[in-house]
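Please examine the sequence and the model shown here.

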Amino acid sequence: MGGYFAKQHVHNTAVLFPFVADSSQRKQRSGNHLQDSAAIVRVVVSVEAPPEMRFREFKEDPPEYVLYPSEESDLFTLEVVHNGFFCGLRDNLEYVVSSVDHFDYLTGDTWSMDWMNEILTSLGLARDGKLHLYWCLPNKDIREGLVPLDCDAVIRRMARASLKEKTLCVFVDHTDFLRQLRTNVVHSNAPVANSPSAVARPPPAAAPSIASSKMAAAAMSRAVQAISSGSSKLPNAGASPLPEASCSSSVEEGVSGNLRHSDSDIDFEFYDSDYDVEDGDDDLFADNVDKSVGDNNEKEMVDDKEDEDALDDETLQLGEENMEVLRNKLTEFNPACDMDNPIFVRGMTFSGVEELRKALATYAVRNRKKIKKVLNDRRRLTAHCAAGCPWYMRAGTDLSHTGGFVIKKYEGKHTCEGSWPLEAISSKLLTEKFMHEFRDNQKLGLQSFAAKILREFKMCPNRYKLARARKAALLQIHGDEESQFGLLHDYGQELRRSNPGSKFFLTTNSVNDPSSGEHKEHLATVYWSYDACKRGFLAGCRPFICLDGCHIKTRYKGHLLTAVGVDPNDCIYPIDFGLVEVECTSSWEWFLTNLKEDLNITNTAPWSIMSDKQKGLINAVHKLFPESEHRFCVRHMIQNFQRAGHRGETLKNDVWAIARSTNIPKWKRTMDKLQVDCNEAFQWIEKLDPKTWVKAFFSDFPKCEMLLNNHSEVFNSYILEAREMAFLSMLETIFYKILQRQESKQREGMTWTGRICPKIKKKLEKFFEWSNNCIVKPAGNYLFAVESHEFEKDYSVDFKSRTCDCKRWQLTGIPCHHAIACCRKDNINYENLVDNCYTVETYKRAYAYTLAPLRGRVFWEKMNATRVHPPLYTKVMGRPKRCRRKAPEEKVKEGVPYFTKAGTIIHCSICGKSGHNKKGHQTYLL
């Protein structure tokens, strides 16, 4: 039975099914006369005629070639890509501006060059010597699978390939581009010796024309009609449109086959080899299965294959000149993948001498060889190894072929011993090698950097070279620190363009350069704010501002002044920023003036300011916020308290108890306790204004009882990484940190449920636990008397005015534990009594505004303003300080405070005098 049918002709196979019967029917049929057998065979031959070749129209479905289990079909589709051109150099090759046409129902047995020419003619193409065809091998792209379609050997390869691949692709080169410029991508059409593709097959018959295919299909139709009508007479040979030789040979073969098996149970024509085993199957298994291949030795086979040279392929058949050109193409140095571990060969090309120098340095480090360059200029490079070692390289500019830098002579064998060429590990090499490490972690320390180099190269240079490499890497990441000051005007314009309503302006100091006599403008102050932060602060935050300054940790120094608010969830909310030379009264006045104008503050009475006791800041607040409440950070006050000589844990706890007093009776009681513990400490504390640090005297309008300036400290730590960068990079880093924070807070607010924010809920839970010790006595009209186990035993609570005698409710806007006990008594939801400044809706209003990202520096508008130079600074001796000097009580090791002996006065146990100990007593006497 024939081995292939198209899906469109599957009804013809049903006609033949009556002939495929059981063995008894086949025996009965084999005894009939020769005419019936010949008729049967003639029908089979007619049905096996290939379907008519067709040109697939636009949007027409491709055919589905149906295969029988035991046989292969050589029907295939030819895809012709034409009306375009090849382009691209090196690794890039494309066929652009093309048309694609498909021809279906081609057969491998009749496939020939005549068919290809007829297809080209139907497309309006003629092979006039300028047109060249290339077959793209299956499962290959055009960069590695093009074969010239110019001989019968390639035609036979295509026919064999059609047994597995049902779509073969042919490209038409109209410009002869590949033969002239890209010979390296074209495969030879000669088959490899002893390979399956080299086995000769009988030459196919001449390709029938399209008309003959139509006649064959008509004959097949007449034969089917004859069988279905029950007639044993078939069209005679003279009426058959098929080639006479083909029909007669098939008939004779079928007749003889039926005669030979007339007494057997096997019908030769309808035998299916998938269900019965023939003799010789064991031989086929032994011939085609390699028992040496298994899961354990597969890797060895792959390794052996990788050792072969691609240029030793016999199918190339190139001349000596073309072989040399191809070898140069294959040995072109690719820095993207070859620079990590260079391997040199003669003829390898480089883009320039700089690339070869880098490769030599990496080669020396990787192989632990001291390579010396005896001739090293822009056109030539000669290098050798140690004395007596045959390793040698000579390279130069190749102007005749590649136009690059080529290794002209190379001897790669080493006989010398390995060394440690630390001089080859230059800072430039380290910068390029570990640039991605510094991009991921810009605070990478020298010790960690050295460990990475040691793991990579098995050697490590000194720390000075490491520091130079790190400095160069950060310079490439952030740009030159000095040149960034010249872009400040452009940055300000970009900020105002992308975020209208934002502010950015600077002031400069005019200085005459004594060395050049040039008049220069040096940066003095910078003020900037973001419109989204200002709008959100006014829409959802309380009138409470934390002020503080921090150091910029670059060589130009300076102080960064910040104003930070408190959001409805008691978290930080940055407002605006300023850069000044030093913290003083004038700089703080300048900053607070811009802050008032930015927030449009005209009445300062509702506002509260939190800061440390910096003298310039205190004067500026009193001048610009005269009616505002000014609180001082208690932690800084306790530091001053201890520096005055009032040390000890008991006195420190007494001061904290005084600051936490929420009402006057409690404040008096804690002050009396301090006086009992230490009268001198009491006198020191008594001089302070309680309105600046005691809760009992705070204003209840801002709904904030904060005693510490922690929000400013947290924000300074939040931008610590940015404060170590160049100034413009610092501005961009702060901007994107706040941009990301605004977006994350928006998403965070969308996930919250309930009326109030999470941190406020935690405070209510704590107060709810405290309320278990309270006894409530209702007085009517939402008045309650509460008895607790505190020192101040009785309290009165008023729900209408939302007040309690403890004053905690008034200060924070959150019901105290006394009020919660009353809510539990009357079954009132105490969350409804929380002030609106803590609700989720208020939180969403605070973060409802979004910062628009900035464009890249190349897109910034050039302002053409006066060039700004870096601030003037005086270089001081020693390494710049990067960490704040901590007070003794701030030093913590493994969670436990520890104290050093620095600053303590020692005494001698022999004489009792100070300044020396027992060991230095004899020296003291001398």
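Lys409 lies in strand 15, which spans residues 405–411. In this predicted model, the residue has a relative accessible area of 46%. Because buried means under 20% and exposed means over 50%, Lys409 counts as partly exposed. Together with Arg379, Arg394 and Lys408, Lys409 forms a positive surface patch.

The buried residues are His817, His818, Ala819, Ile820, Ala821, Cys822 and Cys823. Which elements cover them? The cover includes two helices, helix 29 (758–770) and helix 30 (808–812). It also includes strand 23 (775–780), strand 24 (783–787), strand 25 (794–798) and strand 26 (803–804). Just after helix 31, Asn827 adopts a positive phi of about 55°.

These local views belong to a protein chain of 926 residues, 43% of which are buried. Its secondary structure comprises 33 helices and 29 strands. Among the contacts in the chain with a separation of 6 or more, 63% join residues 24 or more positions apart. The accessible surface of the chain comes to about 51300 Å², and carbon and sulfur atoms account for 51% of that area.

Technical notes: Residues numbered from 1 in each chain as written. Predicted model: local features only at pLDDT ≥ 70, side-chain atom pairs only at ≥ 80, totals over all residues. Heavy atoms only, no water. Helix = DSSP H or I, 4+ residues; strand = E, 2+ residues; numbered from the N terminus. Buried < 20%, exposed > 50% of the residue type's maximum accessible area, 1.4 Å probe, protein only. Contact = heavy atoms within 4.5 Å. Areas by Shrake-Rupley, 256 points an atom, 1.4 Å probe, with all protein chains shown as cover. Patch = residues over 30% accessible without salt bridge, like charges linked within 9 Å, V, L, I, M, F, W, Y side chains within 5 Å. Salt bridge = Lys/Arg side-chain N within 4 Å of Asp/Glu carboxyl O. Lys, Arg positive; Asp, Glu negative; His and termini not counted. Charge placed at Lys NZ, Arg CZ, Asp CG, Glu CD.
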